[in-house]
Amino acid sequence: MEKNVSKARFIVPSVIGIFLFMIPIKVDGSWTIAVKIIADWISAIAESILPGLCLFILTVSAVLCLMAFAKPKFIMENTLLKEAFCCTPFWAATRVLGCIFCWLAYFNLGNEQGRGFSKFIGAITGPDQGGMALGLIVGLVIIFLIASFLLPLLLDFGLLEFVGALLTKFMRPLFQVPGRAAVDCITSWIGDGTLGVMLTCNQYEGGYYSTKEASIISTCFSAVSITFSMVVLAQVDLTQYFGIYYLIICLIGIVCAVICPRIYPLRKKPNDYLIPGKAMPETLPEGFTSSKEYGLHLAMKRAAAHKGVGEFFRNGAKNCLNMWFGVLPTVMCIGTAALVVANYTPVFDWLGMPFRPLLSALQVPDVAAAASTMVVGFTDMFTPSVIIAGTNAVPMTRFIVAVVSVTQVLFLDEVGGLILSSKLPINLFELFLIFLERTIISLAIVCPIAHLLF
């Protein structure tokens, strides 16, 4: 009887979690997942108040993280508040700047066409800078809320243990990560890259992933959703190629996940854990005849250890506080700053120049136009397709840029910002280096295929 109860505690929440996060659903002609549908539905109802909610969240984050330096009792004696608001001076400054940018963008202060200080403020608040960053966090705030309280269905009832036991023999030699990382991968590819990073952060902080494994999973298994990939292709007016387009994206994603862990900087990451002793063994212990039997044993053991509804909501609240008060300000700050640099300086054009010889060697038409989009994708995933669509580039070049902008994936105004603001051990330089590696690998694969297509 007890065994059946443990099995039910594993199966029921896990099946619900799989349905919510991993089963593709077609809505209005586009594929998505149930969590995204719920988040979009709530966002549509609360659309008018979401910008104000984001302003409130970023303001609270900035004020309380500054107060935390004085170590007040109400923060230091509350585990959730302490974890959400105690941070280093650098991240405190990031939160404060994110708050300032949010206030400026919310009230649309300044004038991009004006002079002096007004023009400077307008450059921050413009629709392609602070306005775009504010729009992004407005889109993320409900996703973070819903996902935070529903992710425990995937994490806390044994699904990862079961999948890990089944897939370790496949995932470890190919990608140098445990089998449980397959759940992160599927969640990212079908749903949203931010959900995959959230899941990875949670597992790393719980001691289930090592420093190296978490770094690999967050940078190589995060992906742009199927729906947004279609939006990018539509932007360059090539939707008729979506089938081969997404197959190429999947191929590049797999190749990047095989190569990047084997080169610097991911290769040099240590295999230590934040909490030692939590990682699942990857060899079949005595007494078990199959990986399935062992995985089911681990899953039921994990499910039986769960402490019920209270723990479920505590974990959800912890996830939500970290996402709202830690990640949203970072996305606002880094996203706005990066977009200002991209739109008002030639920095990314200069950084794109080294790609011109490579693009020429790969016989890509419109080399100058394509090169200018290669590095700007580090700020925002959609910007490269907008830039190339505004030129007279031939369809082949537009197709290549559309593929690369999606497979680069580590853009600062969302996935990259989320990684940098988390406890994942990846700094800005390492993130940029992995971004460049993914870009080069993407070009090496897509350009020969594009020559066959066009």
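**Salt bridges and a helix crossing**

Modeller: Lysine 269 counts as buried, at 11% relative accessibility. Bear in mind that this is a predicted model.

Biologist: OK, which residue does lysine 269 form a salt bridge with?

Modeller: Glutamate 430, with the closest N and O atoms 2.8 Å apart. The pair links distant parts of the chain, 161 residues apart: lysine 269 is in the loop between helix 15 and helix 16, and glutamate 430 is in helix 24.

Biologist: And glutamate 430, buried or exposed?

Modeller: Buried, at 12% relative accessibility.

Biologist: Why does glutamate 213 count as buried?

Modeller: Because its relative accessible area is 3%, and buried means under 20%. Arginine 172 is partly exposed, at 24%.

Biologist: Which residues are linked in a network of salt bridges?

Modeller: Glu83, Lys318 and Lys423. Lysine 318 and glutamate 83 have their closest N and O atoms 3.8 Å apart. Lysine 318 is in helix 17 and glutamate 83 in helix 5, 235 residues apart in the chain.

Biologist: Switching topic: at what angle do helix 2 and helix 8 cross?

Modeller: Roughly 135°, with the axes coming within 9 Å, so helix 2 is oblique to helix 8. The crossing is right-handed.

Biologist: Which residues meet there?

Modeller: From helix 2, Val35, Lys36, Ile38, Ala39, Ile42 and Ser43; from helix 8, Ile142, Ile143, Ile146 and Leu150. They divide into eight nonpolar, one polar and one charged.

Definitions and conventions: Residues are numbered from 1 along each chain as its sequence is written. This is a predicted model: local features need pLDDT of at least 70, side-chain atom pairs count only at pLDDT 80 or more; totals for chains, interfaces and linings use all residues. Side-chain values use heavy atoms; hydrogens and water are left out. Axes are lines fitted to C-alpha atoms, for helices over the stretch in contact, and angles run from 0 to 180 degrees between N-to-C directions. Helices (H or I, at least four residues) and strands (E, at least two) are DSSP runs, numbered from the N terminus. Angles under 35 degrees count as roughly parallel, over 145 as roughly antiparallel, 65 to 115 as roughly perpendicular and the rest as oblique. A crossing is left-handed if the near helix is turned anticlockwise from the far one by less than a right angle, and right-handed if clockwise. Contact means heavy atoms within 4.5 Å. Ala, Val, Leu, Ile, Met, Phe, Trp, Tyr, Cys and Pro count as nonpolar, Asp, Glu, Lys and Arg as charged, and the others, Gly among them, as polar. A salt bridge is a side-chain nitrogen of Lys or Arg within 4 Å of a carboxyl oxygen of Asp or Glu. Buried means under 20% relative accessible area, exposed over 50%, partly exposed in between (1.4 Å probe, protein chains only).
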